[in-house]
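Please read them beside the structure.

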Amino acid sequence: PHLDRIEERKAVEGAPITYGDFAAALSEVFHAVDHLQRCGQLTVTPTYFEVITATAFVAFRNAGVAMAVIEVGLGGRMDATNIVTPVATAVTSIAFDHERHLGFTLAAIAYEKAGITKPGVPMVMGILPDEAEVVVEAEATAALAPLIRADEAVEVVGYERGTCVVRCTHWGASGDLRLSLAGRHQGINSATTVALLRAVNAAGYPVPSSAVAHALTGASWPGRLEWITVGRGHLLIDAAHNPSGAEALACYLRDAAEPPMPMALVVMEDKVLDGIVGPLAPHVSHWWCTQVPMARSRSHDGLARDVRALFPGTPVSSTPEPLEAIDRALADQGRAMAAGSIYFIGPARARLLASGHASI
């Protein structure tokens, strides 16, 4: 998902496409939809995500993209992106989220995600819970898709100053590499990435080891464990919006030995509140609950009421203004966090950076 501008969803050579290129591709999609509906070949109205996916494919075609990384929107089996015939596929992780659509067990969620498996196409399996791993293995076997285990691609050899140090076990890259992305979970993600690149390389699309090393040590991911200077204060923003994301953020805070600090928080109505705030509670000294202007957002006062009931020993305040919640959180200690929803941290980050504050 994008943080602030929808063009971010489509990047070419590392940069989001321009507004003009996005508008041109979108216009082409709308024209095709109108034509197909007039001809009676399309009897339904495409969804938002279907239109955005088609727009991405048009934009990539217009830009002459030779190799694209396509991320599913939700699940995989019934996802709009699943019309492609890829060089390789990957299931990176399995965790509880979007249960209403994907299922209420890890096995059910794994079945939907493994729906991207294609006959004979290599499938990279990330480091998954046992019940999910069994399902992905079965789907790959049924499709005669070679299964590649990510845990055989990278060895995590250390963890220093909030980042993993890894070693590529079956590639030409020599020496240990410090990942540029923070968080212990990025060790697992790097393994999946390297395994997928090995599959692409084996399929006849050369990926030199130097490029792999550059990617692991130079990647950036805005809005994920990102520190921003705000005046004299420091704000940690993170897109954690489900239990697994909250666990990853909490793990980072533990590893970094960060003392408890105030948190500006937004949570959507369809998310499991205690699954998000529970892992973070030991790291929060004061909850500043707020909301974003969309129907799915919990109201600031309702969120405050529910958080107060869960953690009666921690101060809880609320305000309907997201940036005010951040300002007040920072005023407490000069160091604070903002998390709980991409719809919150994306626009807030953009406004902070536009105001002259800097990402560290």
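1. Basis. This is a predicted model, in which local features need pLDDT of at least 70 and side-chain atom pairs count only at pLDDT 80 or more, while totals for chains, interfaces and linings use all residues. Residues are numbered from 1 along each chain as its sequence is written, and side-chain values use heavy atoms, with hydrogens and water left out.

2. Terms. Buried means under 20% relative accessible area, exposed over 50%, and partly exposed in between, with a 1.4 Å probe and protein chains only. Contact means heavy atoms within 4.5 Å. Helices (H or I, at least four residues) and strands (E, at least two) are DSSP runs numbered from the N terminus.

3. Largest nonpolar core. A nonpolar core is a set of buried Ala, Val, Leu, Ile, Met, Phe, Trp, Tyr and Cys residues joined through side-chain atoms within 4.5 Å. The largest one has 29 residues, of which Leu 249, Met 263, Leu 265, Leu 280, Trp 287 and Val 307 touch the most other members. Two or more residues come from each of α8 (243-255), β11 (261-265), α9 (273-280), β12 (284-289), α10 (300-310) and β14 (335-339). The most is given by α8, with five residues. Apart from this core lies another, of 22 residues, including Ala 264, Val 266, Ala 329 and Ile 345.

4. Leu 265. Which residues does Leu 265 touch, not counting those up to four places away in sequence? They are Val 277, Trp 287, Trp 288, Cys 289, Thr 290, Leu 303, Val 307, Ala 339, Gly 340 and Phe 344. Of these, Cys 289 is buried, with a relative accessible area of 0%.

5. Helix α9. Six of the eight residues of α9 are buried, so this helix is largely enclosed by the rest of the structure. The buried residues are Leu 273, Gly 275, Ile 276, Val 277, Pro 279 and Leu 280. They pack against α8, β11, β12 and α10.

6. Helix α10. In α10 the buried residues are His 300, Gly 302, Leu 303, Ala 304 and Val 307. Their cover includes β11, α9, β12 and β13 (316-318). Ser 317 is found in strand β13. Leaving aside neighbours within four places in sequence, Ser 317 is in contact with His 286, Trp 287, Trp 288, Cys 289 and Ala 304.

7. Second largest pocket. A pocket is an open set of points on a 1 Å grid over the protein atoms alone, where a 1.4 Å probe fits, with protein on both sides within 12 Å along at least five of seven lines; lining residues have an atom within 4 Å of a point. The volume, about 420 Å³ for the second largest pocket, is the space filled by probe spheres set on the points, which are joined across faces, edges and corners. Of its 20 lining residues, Ser 180, Ala 182, Leu 225, Glu 226 and Ile 360 are the closest to its centre. The lining divides into ten nonpolar, six polar and four charged residues. Here Ala, Val, Leu, Ile, Met, Phe, Trp, Tyr, Cys and Pro count as nonpolar, Asp, Glu, Lys and Arg as charged, and the others, Gly among them, as polar.

8. Cysteines. With a disulfide taken as a pair of cysteine sulfur atoms within 2.5 Å, the count is zero. Cys 164 is in no disulfide, and the nearest cysteine sulfur, that of Cys 251, is 8.7 Å away. Cys 164 is buried, at 1% relative accessibility.

9. Positive phi. Most residues other than glycine have a negative phi. Leu 144 has a positive phi of about 55°; this residue lies in the loop between α5 (130-142) and β5 (147-149) and is exposed, with a relative accessible area of 69%. Ala 257 also has a positive phi, near 55°. Ala 257 lies in the loop between α8 and β11 and is exposed at 62% relative accessible area.

10. Another loop residue. Is Ser 299 buried or partly exposed? Ser 299, in the loop between β12 and α10, is partly exposed, with a relative accessible area of 30%.
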